[in-house]
Amino acid sequence: MAHIELALSHAYGANPQTDADYALLPLEITFEDGGAYALLGPSGCGKSTMLNIISGLVVPSHGSVKFDGVDVSTHTPQKRNIAQVFQFPVIYDTMTVAQNLAFPLKNRGVAEAVIKRRVGEIAEMLEISAELDRRASGLSADQKQIISLGRGLVRPDVTAVLFDEPLTVIDPHLKWKIRRKLKQIHRELKLTFLYVTHDQVEALTFADQVLVMSRGQVLQIGSAEDLFERPAHTFVGHFIGSPGMNFIPAKNDGVTLAFLGKRFSSAGNVPTGDVTIGIRPEYVGVMAANAVGTVDFQVTRVQDIGTYFSLTCVAGGVTVKIRMSSQLTIPQTGDVVGLDLNNSRTCYYQNEGLVL
């Protein structure tokens with residue numbers, strides 16, 4: 001395992017001139033030894049580029065990659081001692097499950113007794129002990145990818161294990177089970193895990209720390225609670241959560257905060273000028289129309305999701321989404337309700353960045 005430090009930027013083309021020319025804009029990030037991290041963001045945001053730079057498949061165009069303080073920017077993946085699990089299964093169909101799991105160890109000349117013990121341990125962790133003698137050619141895509149996961153985990157001395165959207169081919173009903181299993185394995189093996197995904201559920205349930213990325217930038221690094229409660233950027237607020245955070249334009253004069261035709265007491269640390277109010281659908285207070293401290297909205301849609309109701313409300317060209325417990329009295333389509341948008345759960349943004 002290693003303490004990994006990135007201080008770099010990367011462009012696939014020569015002589016980048018604008019931010020759009022970079023796959024990764026300048027960044028400085030540290031991954032602690034033994035941590036579980038997820039790189040989360042939409043397609044094309046730079047997360048796979050970062051993973052491939054860490055693994056050695058891509059050399060950064062500027063800056064360095066350091067493992068335990070040693071610059072490994074030009075080292076091969078083999079020299080870095082990295083294990084990588086890709087989006088699609090990488091196994092040998094002519095081998096048995098046990099032989100596939102053992103292959104990375106055999107390549108390094110590990111003793112047969114050690115190989116047998118290690119293969120047995122990983123097979124037990126992944127609950128595939130009964131499949132060890134099966135030929136891989138007869139396995140389903142799901143099973144083959146589980147073997148790929150095992151191959152990535154079987155070496156106990158790796159610097160880090162990198163996962164590049166490894167559950168893409170896994171049946172949706174099995175994904176939750178494998179995520180839980182990977183988290184358990186991380187606790188047992190104490191390896192450094194870096195996991196690339198565009199699925200926020202995968203990222204937030206797997207990792208201790210999540211890096212949210214957009215357009216080649218890391219916008220926030222934090223726990224699931226950090227990202228949900230205090231998004232550092234409006235993109236993070238929008239991307240995390242289902243539905244994402246509500247945003248309402250406002251103006252602060254230092255005394256009052258004005259939005260949607262009403263004025264409210266301004267929080268002391270909110271900068272003056274144009275600001276954006278951000279509040280999660282879960283934290284919007286729903287009251288009677290004309291209630292003190294609220295803005296009237298009309299309910300335009302009500303959806304019964306089972307464990308909660310999703311409401312869409314509109315006022316002054318602004319749409320607000322609300323999640324309400326099914327235990328509460330739910331407004332109906334067409335009703336006018338007073339929404340409390342400026343409460344202790346509200347975040348405030350200026351130029352897309354969190355200011356309070």
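Predicted model: local features only at pLDDT ≥ 70, side-chain atom pairs only at ≥ 80, totals over all residues.
Helix α1 spans residues 47–55. Of its 9 residues, 8 are buried, so α1 is largely enclosed by the rest of the structure. The buried residues are Lys-47, Thr-49, Met-50, Leu-51, Asn-52, Ile-53, Ile-54 and Ser-55. Gly-56 follows α1. The phi angle of Gly-56 is positive, near 100°.

Helix α3 covers residues 97–106, and helix α5 covers residues 141–153. Their axes come within 7 Å and cross at roughly 30°. An angle under 35 degrees counts as roughly parallel. Helices α3 and α5 are therefore roughly parallel to each other. Their crossing is right-handed. On the α3 side, the contact involves Val-97, Asn-100, Leu-101, Phe-103 and Pro-104. On the α5 side, it involves Ile-147, Gly-150 and Arg-151. By class, the residues of this contact are 5 nonpolar, 2 polar and 1 charged.

Burial in α3 was examined next. The buried residues of α3 are Val-97, Asn-100, Leu-101, Ala-102, Pro-104 and Leu-105. The elements that cover them include α5 and α4, the latter formed by residues 112–125.

Asn-100 belongs to α3 and takes part in the contact with α5. Is Asn-100 buried or exposed? Its relative accessible area is 0%. Buried means under 20%, and Asn-100 is therefore buried. A polar atom of the Asn-100 side chain lies 2.8 Å from the backbone nitrogen of Tyr-92. Tyr-92 is also among the residues in contact with Asn-100 when neighbours within four places in sequence are left aside.

From α4, the contact includes Arg-118, Ile-122 and Met-125. These meet Lys-181, Ile-185, Glu-188 and Leu-189 in α6. The residues of this contact divide into 4 nonpolar and 3 charged, with no polar ones.

Conventions:
Residues numbered from 1 in each chain as written. Heavy atoms only, no water. Axes fitted to C-alpha atoms, helices over the stretch in contact; angles between N-to-C directions. Helix = DSSP H or I, 4+ residues; strand = E, 2+ residues; numbered from the N terminus. Parallel < 35°, antiparallel > 145°, perpendicular 65-115°, else oblique. Left-handed = near helix turned anticlockwise from the far one by under 90°. Contact = heavy atoms within 4.5 Å. Nonpolar A, V, L, I, M, F, W, Y, C, P; charged D, E, K, R; others polar. Buried < 20%, exposed > 50% of the residue type's maximum accessible area, 1.4 Å probe, protein only. Polar contact = N/O pair within 3.5 Å; in protein donor to acceptor, adjacent residues only side chain to side chain.
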